[in-house]
Amino acid sequence: MRLYHRGAAFFKKMRVSKMSEKLNIRDHKRRLLAAKYELRRKLYKAFCKDPDLPSDMRDKHRYKLSKLPRNSSFARVRNRCISTGRPRSVYEFFRISRIVFRGLASRGPLMGIKKSSW
């Protein structure tokens, strides 16, 4: 699974608040943990759903699945804006929110993006 998309070299001059940095670090740790436990989690889930296995074995794997760290689930990973930490309306390709994207697009540091007019 691809965790990150494009590098953010053109965002170096942007100011990043401490809160957004904290949120992005937390999300990055979740991504690493989810990648670490991905195979094990999928294996346990497959054993839990297999109807051919005896119920005690399925219960044992369900218990093992519950003992994995909660942050190792991909459902807890959130796409966040790298400049503001905003969790909603984030463009995946640029990894920035629509608000920051609009400001950068109008100023011009985004390569290949320009404001349309007709």
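Tutor: We start with the whole chain, then move to the core, its rings and a few neighbours.

This is a predicted model, so local features need pLDDT of at least 70 and side-chain atom pairs need 80 or more, while totals for chains, interfaces and linings use all residues. Residues are numbered from 1 along each chain as its sequence is written, and side-chain values use heavy atoms, leaving out hydrogens and water.

First, the layout. The protein has 3 helices and 2 strands (DSSP runs numbered from the N terminus: helices are H or I with at least four residues, strands are E with at least two). Their order from the N terminus is α-α-β-β-α. Of the 118 residues, 28% are buried (under 20% relative accessible area; over 50% is exposed, and in between is partly exposed, with a 1.4 Å probe and protein chains only). The accessible surface is about 9200 Å², and carbon and sulfur atoms account for 54% of that surface (Shrake-Rupley method, 1.4 Å probe; for residues, only the protein chains shown count as cover). Take the contacts with a separation of 6 or more: 57% join residues 24 or more positions apart (contact means heavy atoms within 4.5 Å).

Now the core. The largest nonpolar core has 10 residues: Cys81, Ile82, Val90, Phe94, Ile96, Val100, Phe101, Leu104, Ala105 and Leu110. Helix α3, residues 98-107, gives the most to this core, with 4 residues. (Such a core is a set of buried Ala, Val, Leu, Ile, Met, Phe, Trp, Tyr and Cys residues joined through side-chain atoms within 4.5 Å.)

Next, the rings. The structure holds 3 aromatic pairs (rings of Phe, Tyr and Trp, the last by its six-membered ring, with centres within 6.5 Å; planes under 30 degrees apart are stacked, over 60 edge-to-face, the rest tilted). One of them is Tyr91 with Phe101, an edge-to-face pair at 5.0 Å centre to centre and 70° between the planes. Tyr91 sits in strand β1 (residues 90-91) and Phe101 in helix α3, so this pair ties together parts that are 10 residues apart in sequence. Tyr91 is partly exposed, at 39% relative accessible area. Phe101 counts as buried, at 17%. Phe101 also pairs with Phe94: this pair is tilted, with 5.2 Å between centres and 45° between planes. Phe94 and Phe101 are both buried. Ring pairs join Tyr91, Phe93, Phe94 and Phe101 into a cluster.

Beyond its neighbours within four places in sequence, Cys81 contacts Asn24, Arg86, Val90, Arg95, Ile96, Ser97 and Val100. Cys81 and Leu23 are 58 residues apart along the chain, yet their C-alpha atoms are separated by 9.8 Å. Cys48 is buried too, at 12% relative accessibility. The whole structure has 0 disulfides (pairs of cysteine sulfur atoms within 2.5 Å).

Ser97 lies in strand β2, residues 96-97. Ser97 counts as buried, at 1% relative accessibility. Besides Cys81, Ser97 touches residues including Thr84, Arg88 and Ser89. Arg95 lies in the loop between β1 and β2 and is partly exposed, at 22%. Asn24 belongs to helix α1 and is buried, at 19%. Leaving out residues up to four places away in sequence, Asn24 touches Arg80, Cys81, Ile82 and Gly85.

That brings us to α1 itself. Helix α1 spans residues 18-49 and bends by about 55° at Tyr37 (the angle between axes fitted to the seven residues ending there and the seven starting there). Its buried residues include Leu23, Asn24, Asp27, Arg31, Ala34, Tyr37 and Cys48. Part of their cover comes from α2, residues 55-67.
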